Amino acid sequence: MELQTAAGAAEQYIPPRARSARITRVVVYLVLGGIAALYFVPFLWSLSTSFKTLPDTAYFSLLPHHWVTSAYHDVLSKYSFATYFKNSAFLAAVITLSNVFLAGLGGYAFARLRFPGREVLFLFVLGTLMIPDQLRLVPVFVTLTNWHLVSTFKGYIFIKLIEATNLFLMRQYFLTIPKDFEEAAKLDGAGYFKTFWKVMLPLAGPAIAAVTILEFQGIWNDFFWPSIILGFGNPHVYTIQLGITQFIFQYGTLWPQLMAASVLAILPIAVIFVIFQRYFIAGVVASGVKG
């Protein structure tokens with residue numbers, strides 16, 4: 001009884017932090033808060049400008065003198081940004097799904113299967129990360145032109161079906177999963193694909209979240225390949241980034257509409273990151289544990 005009382009008293013006693021440690025903690029939080037505010041000001045100014053009238057944008061004020069929503073109405077109806085959003089959402093969703101499946105399948109093969117030339121082939125996959133997109137621009141464009149895939153969604157989806165970065169992340173995460181799950185699946189008579197689909201892929205939730213965020217953000221914000229493949233000739237296939245660029249070319253001084261389009265372009269990425277943030281961090285950290 002006395003031992004339990006002493007143990008309880010020892011657990012309840014927690015030595016206070018040193019005063020210097022508390023001061024250091026406060027200073028660090030103040031510095032980080034100031035840096036965060038510094039980076040947040042441009043977004044706050046963009047959000048504020050989107051609710052201003054055009055004459056009101058001539059004055060630098062953080063809050064609008066007259067709050068209006070006409071800029072958002074113009075962006076979604078008058079300037080065809082609703083079509084651009086649909087195009088970007090369609091491409092981002094399709095390419096993200098294809099990357100999750102194909103990168104997961106390839107990552108599982110590189111992590112678990114034994115076949116001749118596996119390590120060499122994986123090095124070739126990693127080697128593609130060292131080749132910039134600008135270097136393979138001409139062969140890719142010529143190939144898509146010969147296949148009549150320029151100015152079509154199919155051409156853009158074709159070159160983005162799977163990213164080497166996503167394959168690497170999935171492979172690294174699969175290496176952290178114990179082999180006991182696979183052995184149990186084999187005892188139940190499951191083959192390689194069934195083991196991957198029923199056992200390994202559901203266990204890779206954090207890695208899937210990381211790939212989903214990275215790929216969706218990359219496709220949504222991509223400008224280089226859409227400008228090459230989708231071009232500036234057919235507005236019906238413009239993505240949101242092409243639409244904003246074309247809007248700047250034609251109406252560069254319509255700041256409320258431009259800021260409204262920019263805010264709407266940011267929202268899907270922000271929402272996805274907030275939803276999957278915890279899984280995203282866990283997936284990226286776990287993917288770097290074992291190599």
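Trainee: How many residues of the lining of the largest pocket are nonpolar, how many polar and how many charged?

Mentor: The lining divides into 11 nonpolar, 4 polar and 6 charged residues. Ala, Val, Leu, Ile, Met, Phe, Trp, Tyr, Cys and Pro count as nonpolar, Asp, Glu, Lys and Arg as charged, and the others, Gly among them, as polar. This is a predicted model, in which local features need pLDDT of at least 70, side-chain atom pairs count only at pLDDT 80 or more, and totals for chains, interfaces and linings use all residues. Residues are numbered from 1 along each chain as its sequence is written, and side-chain values use heavy atoms, with hydrogens and water left out.

Trainee: What makes a region a pocket, and which residues lie nearest the centre of the largest one?

Mentor: On a 1 Å grid over the protein atoms alone, a pocket is an open set of points with protein on both sides within 12 Å along at least five of seven lines, whereas a cavity is a set where a 1.4 Å probe fits but cannot get out; lining residues have an atom within 4 Å of a point. Of the 21 lining residues, Asp133, Arg136, Ile159, Ile162 and Glu163 lie nearest the centre. H7, helix H8 (164-176) and H11 each give two or more residues to the lining, and H11 gives the most, with 4.

Trainee: Why is Leu113 called partly exposed?

Mentor: Buried means under 20% relative accessible area, exposed over 50%, and partly exposed in between, with a 1.4 Å probe and protein chains only. Leu113 has a relative accessible area of 21%, so it is partly exposed. Leu113 lies in the loop between H4 and helix H5 (118-127). Its C-alpha atom and that of Tyr192, 79 residues apart along the chain, are separated by 8.7 Å.

Trainee: Why are Ser80 and Ser151 also called partly exposed?

Mentor: The relative accessible area of Ser80 is 36%, which makes this residue partly exposed, and Ser151, also at 36%, is therefore partly exposed. Ser80 is in the loop between H3 and H4, and Ser151 in the loop between H6 and H7. Phi is positive, near 65°, in Ser80 and likewise near 65° in Ser151.

Trainee: What makes a set of residues a nonpolar core, and which residues have the most contacts inside the largest one?

Mentor: A nonpolar core is a set of buried Ala, Val, Leu, Ile, Met, Phe, Trp, Tyr and Cys residues joined through side-chain atoms within 4.5 Å. The largest has 39 residues, and Phe81, Tyr156, Trp220, Ile229, Ile240 and Ile244 have the most contacts inside it. Its largest share, 9 residues, comes from H14. Another core, of 17 residues, lies apart from it and includes Leu169 and Phe174.

Trainee: What does Phe81 contact, and how many residues of H13 are buried?

Mentor: Contact means heavy atoms within 4.5 Å. Leaving aside neighbours within four places in sequence, Phe81 contacts Val75, Ile240, Gly243, Ile244, Phe247 and Ala261. H13 is mostly covered, with 8 of its 11 residues buried, and among these are Ile240, Gly243, Ile244 and Phe247.
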